[in-house]
Amino acid sequence: MTQTLTLRRPDDWHLHLRDGDMMRAVLPHTATHFARAIIMPNLVPPVVTGADASAYRDRIMAALPAGSGFTPLMTLYLTEDTDAEDVAAAHASGLIHAVKLYPAGATTNSASGVANFNKVAHVFEKMAEIGLPLCTHGEVTDPSVDIFDREAAFIERVMDPIRRAHPDLRVIMEHITTSDAVDYVKSADKNLAATITTHHLVINRNHILAGGIKPHYYCLPVAKRESHRLALRAAATSGDARFFLGTDSAPHTDANKLLPCGCAGCFTAPNTMSILAEVFEQEGALDKLEAFTSLNGPAYYGLPANADTITLTREGPRYPAAIDTPDGPVTVFDPDMPLNWSVV
Ligand code: DOR
Ligand code: ZN
């Protein structure tokens, strides 16, 4: 039986670091395992301009533990007023690696997102021209669409029309949760990839709702039925280069999760690698773990894979059940999940 696993150092292609005290508390948990991460721009106010992203990157760099080699890969939050020339300049300088599309009102801090997709067509055109990828939060916000159907509706109503209008636009459908999304990504011959979170490989909607409501399992897009989880596991463990890790690690204090109207997000940064090793071993696919965490993402983003490695050993993982922040504790995703792998 394999006792140690050595992988190219992984990257996280979708991460919420927040700002201020929360950022200082959560950042070391990503920086200790991951070399790079695509940093989500949904701060309050959001990271909209190149100047915003530059200032945010400086705050992240200042918060890194001494000696850390972690690199934040910045993104801009797309609004209906986004200036395509500012986007192009931020890309040309090497500052930003993607633009993030939030449909207005789809999730946490998305009020400034896009309601009318025609208003941002010129930005997509510019992005296609310069090879800057678009990351999407793929849920429609139409209140008449059932929340469990919002991803599938997004593909049909928004994603496919955008891709047909801009065939050269490189797209990453982020945190996909359905077999519909897996099938859609597989049907594309180019310019389409998807990230998959750790938690969507582990939970289905029963985990959230059966036997009492479990706010720590609530995130957006919400976990779907079991058949969808199985489709995600098959895609992630297949080695297919179009699927890679984006944890969507999204810290909220317990006080903000455990409310009558609690926040969406699972904080997976500390135990993601242990959980993924478990999932891939259960699927008989430990040999595909490196592709998912460390190779497919950089290849799609046009970056080199990391040169150094991390090692996991077969022993009970070492991570806290919750982390302390000045605003209160943040519970780690499923801290009691039985796991066999630990990052050395
Ligand atoms: O669960 C989520 N939390 N989904 C998102 O899209 C946003 C994120 C957050 O920022 O908390
Ligand atoms: Zn997210």
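The questions and answers below concern this predicted model.

Biologist: Which protein residues are the donors of the zinc ion (ligand 2)?

Modeller: The donor atoms lie 2.0 to 2.1 Å from the zinc ion. Along the chain, the donors follow the spacing H-x1-H-x231-D. The protein donors are His14 (NE2), His16 (NE2) and Asp248 (OD).

Biologist: How many residues apart in sequence are the parts tied together by His16 and Asp248?

Modeller: The protein donors of the zinc ion include His16 and Asp248. His16 lies in the loop between β2 (12-15) and α1 (20-31), whereas Asp248 lies in the loop between β9 (243-245) and α9 (254-257). The pair therefore ties together parts whose separation in sequence is 232 residues.

Biologist: Are His16 and Asp248 buried or exposed?

Modeller: A residue counts as buried when its relative accessible area is under 20%, and as exposed when it is over 50%. By this rule, both His16 and Asp248 are buried.

Biologist: What is the volume of the largest cavity?

Modeller: The count comes to four cavities of 30 Å³ or more. The largest cavity is lined by 18 residues, and those nearest its centre are His16, Thr107, Leu220, Asp248 and Ala250. Two of these names, His16 and Asp248, are also among the protein donors of the zinc ion. The space in the largest cavity is about 130 Å³.

Biologist: Within what arc do the buried residues of α4 fall?

Modeller: Helix α4 covers residues 121-130, and its residues Val123, Phe124, Lys126 and Met127 are buried. On the other side of α4, Glu125 and Glu129 are exposed. Seen down the axis of α4, the buried residues line one face of the helix, because they fall within an arc of 160°.

Biologist: Against which elements do the buried residues of α4 pack?

Modeller: The buried residues in question are Val123, Phe124, Lys126 and Met127. Contact here means heavy atoms within 4.5 Å. The partners of these buried residues are α3 (84-92), β5 (96-101), β6 (134-136) and α5 (150-165).

Biologist: How many of the eleven residues of α10 are buried?

Modeller: Helix α10 spans residues 272-282 and is mostly covered. The buried residues are Thr272, Met273, Ser274, Ile275, Leu276, Ala277, Glu278, Val279 and Phe280. They pack against β1 (4-8), α8 (226-236), β9, α11 (289-301), β10 and β13 (341-343). Of the eleven residues of α10, the number buried is nine.

Biologist: Which glycine follows α10 with a positive phi?

Modeller: A glycine with positive phi is also found just after α4, where Gly131 has a value of about 75°. After α10, phi is near 65°, and the residue is Gly284.

Biologist: What is the relative accessible area of His175, a residue with positive phi that is not a glycine?

Modeller: His175 lies in the loop between β7 (171-173) and α6 (179-187). Its phi is near 35°. His175 is buried, with a relative accessible area of 1%.

Biologist: Where does Asn191 lie?

Modeller: Asn191 has a positive phi of about 60° although it is not a glycine. Asn191 is buried, with a relative accessible area of 14%. Its place is the loop between α6 and β8 (192-196).

Biologist: Which residue is joined to Pro221 by a cis peptide bond?

Modeller: Pro221 is found in the loop between α7 (205-209) and α8. Omega of the bond is about -5°. The residue joined to Pro221 is Leu220.

Biologist: How many disulfides does a search of the whole structure find?

Modeller: A disulfide is a covalent bond between the sulfur atoms of two cysteines. The cysteine sulfur closest to that of Cys261 belongs to Cys263, and at 7.7 Å it is too far for a bond. Cys261 is exposed, with a relative accessible area of 67%, while Cys263 is partly exposed at 24%. For the whole structure, the number of disulfides found is zero.

Conventions. Residues numbered from 1 in each chain as written. Chains lettered and ligands numbered in written order. Predicted model: local features only at pLDDT ≥ 70, side-chain atom pairs only at ≥ 80, totals over all residues. Heavy atoms only, no water. Donors = N, O, S within 2.8 Å, 3.2 Å for Na, K, Ca; no water. Helix = DSSP H or I, 4+ residues; strand = E, 2+ residues; numbered from the N terminus. Buried < 20%, exposed > 50% of the residue type's maximum accessible area, 1.4 Å probe, protein only. Arc of directions from axis to C-beta. Disulfide = S-S within 2.5 Å. 1 Å grid on protein atoms, 1.4 Å probe; cavity = no way out; pocket = protein on both sides within 12 Å on 5 of 7 lines; lining within 4 Å. Points joined across faces, edges and corners; volume = space filled by probe spheres on them.
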